[in-house]
Amino acid sequence: MSRSASLALALWAGAASGQGLPEPLTDVPGDPAAGREVVVTRERGLCILCHAGPFPEVPFTGDLAPDLTGVGARLTVPELRQRMVDSRVVNPATIMPPYHATDGLARVGERWQGTTILTAQEVEDVVAYLATLTEDGT
């Protein structure tokens, strides 16, 4: 089965079970350091526009979404992955963009149609980083 077919099946299974996406999107394990870089870089992940967290070097973070401090203790890796890939599965009214999905989107510029915000490896990196945030202040 191709990687894209596996991802489509995983998305369907995650949506059906509500438990998240148990299978990684890549064969390469996520790198928490690379994932942290995506999270705190406004131009890449955009996470800090809505989320606060343990990012003392970031002068301004958002407050529209849950604080990421301790998120690794609150959500499992499959749940984190589902939220990164397409959080609409968990909450259809979410304002969080689907970082690795291209279906069902509105007002996507022609240049970006059919592309994802993050690559599969970047999603895995962010998930690996978020999973490390298991305590208050970390």
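Residues are numbered from 1 along each chain as its sequence is written, and side-chain values use heavy atoms, without hydrogens or water. Because this is a predicted model, local features need pLDDT of at least 70 and side-chain atom pairs pLDDT 80 or more, while totals for chains, interfaces and linings use all residues.

**View 1. The largest pocket is lined by 27 residues.** A pocket here is an open set of points on a 1 Å grid over the protein atoms alone, where a 1.4 Å probe fits, with protein on both sides within 12 Å along at least five of seven lines; lining residues have an atom within 4 Å of a point. Look for H51, A65, P66, R83 and M96, which lie nearest the centre. The space amounts to about 560 Å³, counted as that filled by probe spheres set on the points.

**View 2. The second largest pocket is lined by 14 residues.** V108, W112, T115, T116 and I117 lie nearest its centre, and its space is about 310 Å³.

**View 3. Helices α4 and α5 cross at roughly 135 degrees, with axes that come within 9 Å.** Helices are DSSP runs (H or I, at least four residues), numbered from the N terminus. Axes are lines fitted to C-alpha atoms over the stretch in contact, with angles from 0 to 180 degrees between N-to-C directions. On the α4 side, the contact (heavy atoms within 4.5 Å) is made by V77, L80, R81, M84 and V85. Facing them from α5 are V123, E124, V126, V127, L130 and A131.

Key
Helices (H or I, at least four residues) and strands (E, at least two) are DSSP runs, numbered from the N terminus.
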